[in-house]
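Please keep the sequence and the model in view while reading.

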Amino acid sequence: MSAPNRGGPRIGSMCSGFGGLDMGVQAVLGGEVVWHAEMNLSAAQILAHHWPRDAKFR
């Protein structure tokens with residue numbers, strides 16, 4: 001998940017939760033998740049694990 005796929009869209013996610021929708025969109029469309037916005041600390045920690053290089057906003 002953390003490896004960029006330059007062949008698809010750049011994906012940004014607001015109210016990301018645990019990233020399930022982001023994973024699905026990335027699996028179907030390719031591309032890479034470049035930022036997340038999530039206020040919940042537990043969810044933000046999971047996002048950081050799956051996408052360590054993207055920008056994080058709280």
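## Basis and overall layout

Helices (H or I, at least four residues) and strands (E, at least two) are DSSP runs, numbered from the N terminus. From the N terminus on, the elements of the protein follow the order β-α-β-α-β, with a total of two helices and three strands.

The model is predicted: local features need pLDDT of at least 70, side-chain atom pairs count only at pLDDT 80 or more, and totals for chains, interfaces and linings use all residues. Residues are numbered from 1 along each chain as its sequence is written, and side-chain values use heavy atoms, with hydrogens and water left out.

## Strands and crossovers

Two strands pair if DSSP finds at least two bridges between them. Strand S1 (residues 10-14) pairs with S2 in the parallel sense, over five bridges. Ser13 has His36 in S2 as its bridge partner. S2 is also joined to strand S3 (residues 55-57) by three bridges, and these two strands run parallel. Here the bridge partner of Trp35 is Ala55 in S3.

A crossover is right-handed if, with the strands pointing away from the viewer, the path from the first strand over the helix to the second runs clockwise. S1, helix H1 (residues 20-29) and S2 form a right-handed β-α-β unit. From S2 the chain crosses through helix H2 (residues 41-50) to S3, and this β-α-β crossover is right-handed.

## Burial and surface

Buried means under 20% relative accessible area, exposed over 50%, and partly exposed in between (1.4 Å probe, protein chains only). Of the 58 residues in the protein, 33% are buried. In strand S2 (residues 32-37), five of the six residues are buried, so this strand is largely enclosed by the rest of the structure.

The accessible surface of the protein is about 3,800 Å², and 62% of it belongs to carbon and sulfur atoms. These areas come from the Shrake-Rupley method with a 1.4 Å probe; for residues, only the protein chains shown count as cover.

## The aromatic pair

Rings of Phe, Tyr and Trp (its six-membered ring) pair if their centres lie within 6.5 Å; planes under 30 degrees apart count as stacked, over 60 as edge-to-face and the rest as tilted. One aromatic pair is found in a search of the whole structure. Trp35 and Phe57 form this edge-to-face pair, at 6.3 Å centre to centre and with 75 degrees between the planes. The pair links distant parts of the chain, as Trp35 lies in strand S2 and Phe57 in strand S3, 22 residues apart.

Trp35 is partly exposed, with a relative accessible area of 30%. Phe57 is partly exposed too, at 46%.
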